[in-house]
Amino acid sequence: MAATNCSLTLAQLLGPNVTNSGAAASFICDQFSASTNNFSDTKFAVDTVYLLFSAYLVFSMQLGFAMLCAGSVRAKNTMNIMLTNVLDAAAGGLFYYLFGFAFAFGTPSNPFIGRHFFGLKSVPSTAADYSFFLYQWAFAIAAAGITSGSIAERTQFVAYLIYSAVLTGFVYPVVSHWFWSPDGWASPSRTSGDLLFGTGVIDFAGSGVVHMVGGIAGLWGALIEGPRIGRFDRTGRSVALRGHSATLVVLGTFMLWFGWYGFNPGSFTKILVPYRSNNFYGQWSAVGRTAVTTTLAGCTAALTTLFGKRILSGHWNVTDVCNGLLGGFAAITSGCSVVEPWAAVICGFVAAVVLISCNKLAEKVKFDDPLEAAQLHGGCGAWGIIFTALFATKKYVNEVYGGDSRRPHGLFMGGGGKLLGAHLIQILVIVGWVSVTMGPLFFVLHKLKLLRISPEDEMAGMDMTRHGGFAYVYHDEDESPPNGAQMSKIKPRETSPIGNYEN
C-alpha cells in the first residue's frame, strides 16, 4: 500500500510531460523501498553483532571467576574449584536452554513466570533471537558462579551439580522475569498493567537480579555447611585461611573487569538507537557513558578499600583491593546507565565501606565465605539497588526506558521516593524468594549428607581425595618444615659464573 501511494504521488509530481511517468515513479519508489530495507537489515545486523560481542565478553568472565576462585582457595583444592566453574557453565547451559530461558523471557506470559520458548521452541521470533538467549545464558551462569565461591573447599561435587541446575534452571530465571521481562510485575518496561509505583524497578544490568541472587544463595549454602575446619579457633577467634596465589586473584580480577564492559554496556542489547535529531547523540553515547560509570565505581571502590584496609590492618593487601574493585562493579551494575559519572564515584566509595563492614560482621558471627562472595555480591548488590533509587537522573531514565516523562527517578535528583519504594521491595522479594528456594535445597542436601565432604577429605584436600591428584606441586603454609634428614636430600642451588642465577 505504501509503495502504491509512493508511485501515485511521484507520478503526479513528474507530470504528463514525462514519458511513461507511472513506470518511472514505480521504479524510483522501488529503489527507495529497497534502500530502506537495506538500512533496516543493517541496523538489525549491527545490533545483533553488538549483542553477540557483549555475550562473548560476559562469558569470558567465567575465566575470571575460575582464576579468582583458584587463587582464593588453598592449593590443595585448586582443581576442585576450577572444575565447579566449568560445571556452572556446562550444566547452566543445558538447564537454561531447557527451562530457564522460557521461565525468564517466554512471552506472552503472566507477571510471575514465563511459559514459552522451552528448548528454544519458536525462536527466533519478534520477541527473542538466538543472540539474546546466549547473552542471557551468560548472565545465568554468572549467578551460579557467585554461589560456588561461597561454599568452596568443603562441598561435595554432587551438591554443585544439583544447586547449579536449580539456580540456573528455575530460581534465577523467575527473578529475571520479574524485573526484566516485558510481562514481569516489577519490570520498568512492562507492556500490560500498571508499573510498580509508576516506575518499576530500574535494575539495568543486575545488581539485584544477578548479584543478590547469587550472593544470597551462597549465604544460605555457607550458613548451612558451616565454616571450614580451622577457620575459627576454639575461642572463636578468626584464623585467616589465605588463598595460595595472589597472582591468580589479580589475573581473575582483570578478566572480570574486562568482561564487565559486556555485562553493563551490553545490557542495552542494541546500539543503533537515536535519542535526538543530532547524529552524534544516541544510544551509542549511553553505551559509552555506562562504561565510564562502571569504570569510575570500580576504581573508587578499589582505592577506598586500599586505604581503608591499610588503616584497619596496617597492610597494603592486593586481594582486598581486588575484592573492593569487584564490589564497586557489583554496586554500579544496577544504575550504570541512568546516573552521572560523578555519582558513580559515590557509589564506589560506599560500596567499599559496605564490603568492609560486611566482612567485619561475618567474622563476628563466624560466617565463612572463602571468596567473600555473599558479602560482596549480596551486600554491595543491595547497596547498588538503593543507590540507583537515590541518584537516577530524569534525563537518562527517560532516554533508556522511554515512556512518560513524568516517570519517577532518583530521590536525591528531585524524583521523589517512589523509585526508592520500588527498589526496597525488590531487595525484600529477592531475599525472600532465594531464601525459600535455595535455603531448603541446601538444607535437604545437608540432611541427606550430600552437601559437605568428610573432615578427613577436607583436611587432605579435595584435589587428592576427589580428583585424583594435586593441580601442581605445592607446599601449604600450615605444613611443618622438613626435618634434618629431608633437608640433607635437597640439592644446593647452582649458580652461574656471572651471579646468583638459579637454573
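Trainee: Where is E372 found?
Mentor: In this predicted model, E372 has a phi near 55 degrees, a positive value in a residue other than glycine. Its relative accessible area is 16%, under the 20% cut-off, so E372 is buried. As for its position, E372 is found in the loop between α10 (341-364) and α11 (373-391).

Trainee: F197 also has a positive phi. Is F197 buried or partly exposed?
Mentor: Phi of F197 is near 55 degrees, and the residue is not glycine. F197 sits in the loop between α5 (157-180) and α6 (207-225). Its relative accessible area is 41%, so F197 is partly exposed.

Trainee: Which loop holds P108?
Mentor: The peptide bond from T107 to P108 is cis, with omega near 0 degrees. The bond from V123 to P124 is also cis, with omega near 10 degrees, and P124 is found in the loop between α3 and α4. P108 is found in the loop between α3 (78-105) and α4 (130-150).

Trainee: How many disulfides does a search of the whole structure find?
Mentor: A disulfide needs a pair of cysteine sulfur atoms within 2.5 Å. The search of the whole structure gives a count of zero. C358 is an example: the nearest cysteine sulfur, that of C380, is 6.7 Å away, and C358 is in no disulfide. The number of disulfides found is zero.

Trainee: How many residues apart are R74 and E153?
Mentor: R74 forms a salt bridge with E153, with the closest N and O atoms 3.2 Å apart. R74 lies in the loop between α2 and α3, and E153 in the loop between α4 and α5. The pair thus links distant parts of the chain, and the separation is 79 residues.

Trainee: What is the relative accessible area of E153?
Mentor: Both partners of this salt bridge fall under the 20% cut-off. R74 is buried, with a relative accessible area of 9%. E153 is buried too, and its relative accessible area is 1%.

Trainee: Which residues are linked with R74 and E153 in a network of salt bridges?
Mentor: The whole structure has ten salt bridges, and the bridge between R74 and E153 belongs to a network.

Trainee: Why does the pair of E225 and R154 tie together parts 71 residues apart in sequence?
Mentor: The side chains of E225 and R154 meet in a salt bridge, at 3.7 Å from N to O. The two parts are tied together because E225 lies in helix α6, whereas R154 lies in the loop between α4 and α5. E225 is buried at 6% relative accessibility, and R154 is buried at 0%.

Key: Residues are numbered from 1 along each chain as its sequence is written. This is a predicted model: local features need pLDDT of at least 70, side-chain atom pairs count only at pLDDT 80 or more; totals for chains, interfaces and linings use all residues. Side-chain values use heavy atoms; hydrogens and water are left out. Helices (H or I, at least four residues) and strands (E, at least two) are DSSP runs, numbered from the N terminus. Buried means under 20% relative accessible area, exposed over 50%, partly exposed in between (1.4 Å probe, protein chains only). A salt bridge is a side-chain nitrogen of Lys or Arg within 4 Å of a carboxyl oxygen of Asp or Glu.
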